[in-house]
Amino acid sequence: MKKQTLRLAAAIGLALVTGSAFAATNDADVTRATLDNGLRVVIVRDTLAPVVTTEMNYLAGSDEVPAGFPGTAHAVEHMMFRGSPGLSKDQLAAIAANMGGAFNADTTQGVTQYYFVAPAQDLDVALHVQSLRMRGVDMSPKEWAKERGAIEQEVSRDLSSPDFKFYTQMLEQMFAGTPYAHTPLGTRPSFDKTTAAMLKAFHDTWYAPNNAILVIAGDVDPATTLAKVKQEFGGIAKKALPARPAFAFKPVQAKTVQLPTDNPYGSVYLGYRMPGLTSQDYATALVMSQALGSQRAALAGMRFDGTALYGGFFDQSMPQAGVGMAVGIFPKGGNPQPILAKMQTILADAASKGIDPTLVDAAKRKAIAALEFKKNSVDGLANAWSSALAFQGAESPDAIKAAIEAVTPAAVNVLAKQTFDSAHAITAILTPESSGKPVAGKGFGGAESFASTPDKPVQLPAWAEQAFAKLEVPKSSLKPVAYTLPNGLKLIVQPETISDTVELYGAVQTNEDLQAPKGEEGVADVLEGLFPFGTEHLDRLAFQQALDAISAHESAGSSFSLAVPSAHFAEGVKLLADNELRPALPAQAFTVVQRQVAGAAAGILQSPGFLFEQGLGKALLPANDPSLRHPTPQNVMALTLDKVKAYYAQTFRPDLTIIVVVGKVDPAQAKNVIEQAFGDWKAQGTKPDTNYAAVPANPPGKLHVPDASAVQDSVDMAQTIAITFNDPARFAINLGNQVLGGGFYASRLTRDLREKHGLVYTVGVGLDARKHRGSYKVFFGCDPDKVAAASALVVQNLKQMQQQPVTDTELKQAKGILLRRIPLGESSFGAIGSQLLTLSQEGKPLDAMTIAGQHYLQLTAPEVQAAFKQYVRPDGLVTAVKGPAPKD
């Protein structure tokens with residue numbers, strides 16, 4: 001069970017992205033070419049891990065769709081996964097599954113992107129698939145009829161988000177008369193009128209080599225890779241492309257939108273039209289957005305002075321224009337008007353008085369420093385190049401860097417004056433709406449039964465069969481060095497030289513449910529909310545200014561992190577330790593945070609999300625299980641600062657702390673820096689156990705949580721399971737889960753629920769194994785009238801896993817997925833840090849992924865069947881539904 005937290009930054013869940021960051025790459029690492037047919041190719045060598053990312057960017061999206069059919073490009077993207085001449089949909093699904101990585105696509109206004117993230121050994125396969133799909137795609141009416149059901153479920157899912165509803169209305173108002181007046185998603189009525197022939201015409205018109213940019217990043221040989229690209233794509237003919245749509249933007253007319261939301265908090269937005277990605281002012285807009293979104297800026301200050309639960313600024317840019325939005329968050333029952341008034345004043349001041357030049361300079365430094373951080377992920381590096389070339393029309397990410405360097409405070413002030421005019425602002429207020437009370441479910445989950453026998457084994461093409469013929473445990477590229485300091489703190493260092501940066505990931509193993517006294521629920525949330533107020537030595541603004549001076553990103557708390565240029569590693573760690581070990585915890589800030597957490601709790605307790613999680617937890621766990629504890633406004637308001645300090649002193653201990661350092665740093669140097677910063681930290685008292693106890697098997701049950709703002713139902717089918725993170729049976733269950741839910745179209749549940757019956761858009765399955773307890777869950781989203789059929793198919797599929805062994809093809813494919821994911825888990829600093837941190841928290845050896853690979857390689861189909869028969873209870877599921885009432 002994943003517990004809902006009151007931690008505001010997580011609860012808000014907004015995409016507060018401050019702008020793109022782009023890698024600065026040496027010319028020697030980049031190979032460029034333009035084929036005779038016009039295909040532009042960029043190959044960027046990155047040796048972080050034996051992984052490759054291929055991104056095919058077609059310069060066509062929702063801008064180019066026929067009038068009245070806004071989702072055409074999106075529908076074509078979906079149909080690209082249903083096969084091409086020479087590659088059936090089943091073969092495509094099996095190939096993608098065998099590669100084990102990410103295989104997906106996204107449709108934007110001006111670009112549709114198809115990408116693979118896979119082991120470098122599978123580059124040939126990825127390129128051949130991309131080549132076949134450029135040449136042609138199967139668009140039969142029968143296949144479109146099936147896919148239409150899935151894509152309409154996606155539309156329902158997004159329309160169930162009040163934030164997305166506001167976004168669509170804002171686009172209509174801000175970009176009336178242009179292609180940007182609609183999102184790339186599409187609408188159900190337009191899909192009902194869309195034909196397969198229309199989709200094929202769009203593909204045949206725009207999917208051409210001279211309308212595409214292929215970016216390849218990873219551990220590849222550039223010369224050999226370019227030769228392969230020429231072989232695969234050189235024979236595809238260029239096409240005459242139609243004229244692009246024109247953009248004639250009209251002045252934005254001010255408008256205010258009011259909507260209910262199922263979030264436990266309210267949102268106030270102020271939206272303004274901004275320069276687009278291809279504008280000469282884009283870099284200025286990026287820096288302006290980051291300056292306004294700074295933790296030292298006035299919008300963020302609304303959180304710290306108690307005006308709002310959160311304040312910030314973010315932007316979303318299309319090629320021809322963008323949207324900049326200030327946001328303020330208020331508690332359920334709170335008054336949004338003071339927040340709106342303050343946001344309006346802040347932006348009016350930015351327009352009339354300009355933006356603090358020190359914030360502009362800091363924003364520039366951070367944006368430029370972020371260029372180097374982009375190297376720390378193989379797919380992130382590919383994204384950076386795709387964004388620069390396909391989305392921004394630049395020659396390289398370095399061109400974006402040069403544009404950022406050229407931004408001046410004066411230019412930012414000119415743009416602010418042009419942008420923040422209240423006569424052209426789109427205002428939205430999203431007010432929390434209480435959920436109805438959970439009720440016992442009835443009329444869904446078991447009324448129907450569909451035969452779900454697996455399809456006949458897929459015969460792969462010879463070129464793919466050969467690529468996947470041999471299964472082996474990949475050799476890890478990690479060589480971590482582990483230390484335990486005298487105070488018990490564990491340190492793991494993974495040196496990497498791919499960039500001049502260091503990233504640090506840390507955690508203190510605390511558990512409020514087991515460590516907070518009765519009646520003090522919420523104390524951990526208040527404590528977490530106080531860390532951003534600075535340290536005993538530096539107040540909030542001075543601390544943030546010190547971070548800005550070294551272009552560092554830092555967060556403190558029970559989970560903490562640092563990203564810093566390697567030249568400033570020691571300075572960054574010193575600041576992090578000061579915040580982690582000597583937080584200011586000021587009395588005035590306590591009063592502010594206490595009110596904020598109490599206000600957030602009031603909203604959360606009535607929100608559909610909380611009632612869904614809490615209802616499912618009560619159905620699965622014994623009464624009074626500690627994990628069912630949760631804050632109430634009364635608990636939080638009864639806290640004192642002394643109680644918060646006492647909880648901090650009791651729970652933050654070096655012997656329950658793990659730090660992982662990844663990047664350009666010598667292990668001995670890292671140890672010395674960490675010891676100097678954290679070595680004096682001492683543990684007091686007996687080391688506590690922060691792990692939940694074992695629980696018995698739950699009885700079956702049904703639960704419905706009304707959500708008036710949702711169009712689509714969210715469904716969890718869950719149960720407790722007697723498997724822990726040290727139980728050998730977890731390997732067999734994980735392998736079986738890949739057969740059920742791994743590999744996109746190639747999984748049984750996706751084939752059955754999405755492809756065959758069009759009941760869902762996505763379906764997933766997972767095992768959450770803890771030290772003493774575990775849970776098993778299948779989850780999906782669908783329309784209310786499809787819950788019964790989809791739930792019945794889930795049960796049927798689980799029973800089949802028990803009744804007969806998986807096929808040899810499925811077993812090999814599942815093993816391939818899990819084995820190939822091992823190097824993918826090492827393809828970014830974030831993935832490396834997360835993996836090593838988790839393994840250390842669970843007390844496992846740091847080469848546990850290799851050991852797991854050996855287990856997966858040796859497992860047999862009868863062993864998988866036996867594990868599902870012993871541990872999974874298809875008739876013991878609790879089916880929880882959030883949204884409209886399911887229909888019989």
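Is threonine 750 buried or exposed? In this predicted model, threonine 750 counts as buried, because its relative accessibility is 8% and the cut-off for buried is under 20%.

**View 1. Threonine 750 sits in helix H28.** The helix runs over residues 748-756.

**View 2. Helices H21 and H26 pack against each other at an angle of about 35°.** H21 covers residues 569-581 and H26 covers residues 667-678, with 9 Å between their axes. The crossing of this pair is right-handed. From H21, the residues that meet H26 are Phe569, Ala570, Val573, Leu576, Ala577, Glu580 and Leu581. On the H26 side, you'll find Gln669, Ala670, Val673, Ile674, Ala677 and Phe678. Sorted by class, that contact has 11 nonpolar residues, one polar and one charged.

View 3. Most residues other than glycine have a negative phi.

**View 4. Serine 551 is another non-glycine residue with a positive phi.** Its phi is about 55°. You'll find serine 551 in the loop that joins helix H20 (540-549) to strand E18 (553-555). At 9% relative accessibility, serine 551 counts as buried too.

**View 5. Stepping back, the chain holds 33 helices and 25 strands.** Its radius of gyration is 27 Å, close to the 29 Å that the globule rule gives for 888 residues, so the chain is as compact as a globular protein of that length. Along the principal axes, the C-alpha trace spans about 70 × 65 × 55 Å. Buried residues account for 60% of the 888. Take the contacts between residues at least 6 apart in sequence: 84% of them join residues at least 24 apart. As for the surface, the chain exposes about 32,800 Å², and carbon and sulfur atoms supply 52% of that area.

Notes
Residues numbered from 1 in each chain as written. Predicted model: local features only at pLDDT ≥ 70, side-chain atom pairs only at ≥ 80, totals over all residues. Heavy atoms only, no water. Axes fitted to C-alpha atoms, helices over the stretch in contact; angles between N-to-C directions. Helix = DSSP H or I, 4+ residues; strand = E, 2+ residues; numbered from the N terminus. Left-handed = near helix turned anticlockwise from the far one by under 90°. Contact = heavy atoms within 4.5 Å. Nonpolar A, V, L, I, M, F, W, Y, C, P; charged D, E, K, R; others polar. Rg over C-alpha atoms; globule rule 2.2 N^0.38 Å. Buried < 20%, exposed > 50% of the residue type's maximum accessible area, 1.4 Å probe, protein only. Areas by Shrake-Rupley, 256 points an atom, 1.4 Å probe, with all protein chains shown as cover.
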